[in-house]
Amino acid sequence: MPFLLLICLPFLALAQQKKLVVAQDGSGDHTTIQSAVDAIPAFPNERIEIHIKNGTYREKLVISSWKTKLSFIGEDRDKTIIVWNDYSGKGNINTFTSYTVLVQGNEFRAENLTFQNDAGPVGQAVALHVEADRCVFQNCRILGDQDTVYAGVDNSRQYYKDCYIEGTTDFIFGPATVVFENCTIHCKKNSYITAASTPQNQPYGFVFLNCNITTAAPEATKVYLGRPWRPYAQTVFLNTRLGTHIRPEGWHNWNKPDAEKTTLYAEYRSSGPGAAPEKRVAWSKQLSRKEARKYKPELVLAGQDKWNPHK
């Protein structure tokens, strides 16, 4: 019996460990983030935190579907960086395999981190690809060019709070239900911010709440808020400040006139020099106060299980 106990002890210790530390200098439990993720048992009963020390972690990282309830906590948002450089057309890589980080495990959380694809302006190059449900990103930077954030699969709910997201073309795209609250969305060239592909019967798509749409690039003077990747795309901006680079018409139909009848592109109390409700395309919408009330994060993301990202 004592012999069996000695054999089992390491596995029991791993099962009970709720915190791992990743440090490149060897002072933690692991030197790479992927090795820390791989060390965690499948479907843990309780949340497990991976604390990541400052450093540039050049990894193509996968959080598999059985790695649930994980939290990534960086030491410093601007100094804890996960980066890779795949892009569509590099070997057999396509848009959906170009990610730096792929999240498939439900209830994933990240804070104080940078997710980056540094391939440059070479086409589709995803920094963060999220397919999991009930995910939260707080105080993170997500950096790239085209297709920076892929909010994937139609049963995924995602919440981004106090984040900085930058890109060039369609740099926030996909079918998921997503709320961006108090985020800075930074445009790097004349193009489109969003390309939602909301499924027909999904109540919500992309919701931007109290955000700031910025640019510092001379190449970004005429930017659209969005265009429909699929015909039932939904994108709504509420109480968001829009810079001078936002085009007066606001939205583009992606040369799909029929999509004008099925999309929901809307704003509520946009401010700043890019706010021009009277000049927006006729098929977009300005919400009433009553209509805007249904876009609270806890309502947008509730789903059947009444998930509240604040809890």
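User: Which residues does Tyr160 touch, not counting residues up to four places away in sequence?

Analyst: This is a predicted model, where local features need pLDDT of at least 70, side-chain atom pairs count only at pLDDT 80 or more, and totals for chains, interfaces and linings use all residues. Residues are numbered from 1 along each chain as its sequence is written, and side-chain values use heavy atoms, with hydrogens and water left out. A contact means heavy atoms within 4.5 Å. By that rule, Tyr160 touches Leu128, Val130, Phe137, Ile142, Val149, Val178, Val179, Phe180, Glu181 and Cys183.

User: Which residues have the most contacts inside the largest nonpolar core?

Analyst: A nonpolar core is a set of buried Ala, Val, Leu, Ile, Met, Phe, Trp, Tyr and Cys residues joined through side-chain atoms within 4.5 Å. Buried means under 20% relative accessible area, exposed means over 50%, and partly exposed is in between (1.4 Å probe, protein chains only). The largest such core has 60 residues, and those with the most contacts inside it are Phe72, Phe115, Phe137 and Tyr160.

User: Where does this core lie relative to domain 1 and domain 2, and why?

Analyst: Domain bounds come from an automatic or database domain assignment. Domain 1 (18–147) and domain 2 (155–301) both give residues to the core. Therefore the core lies between them.

User: How many salt bridges does the structure hold?

Analyst: A salt bridge is a side-chain nitrogen of Lys or Arg within 4 Å of a carboxyl oxygen of Asp or Glu. With that cut-off, the count is 18.

User: How many residues apart in sequence are the parts that Arg134 and Glu107 tie together?

Analyst: Arg134 forms a salt bridge with Glu107, with the closest N and O atoms 3.2 Å apart. Helices (H or I, at least four residues) and strands (E, at least two) are DSSP runs, numbered from the N terminus. Arg134 lies in the loop between β10 (128–130) and β11 (135–138), and Glu107 in the loop between β7 (101–103) and β8 (109–111). So the pair ties together parts whose separation in sequence is 27 residues.

User: Is Asp145 buried or exposed?

Analyst: Asp145 pairs with Lys188 in a salt bridge, the closest N and O atoms being 3.2 Å apart. Lys188 is partly exposed at 26% relative accessibility. Asp145 has a relative accessible area of 13%, so Asp145 is buried.
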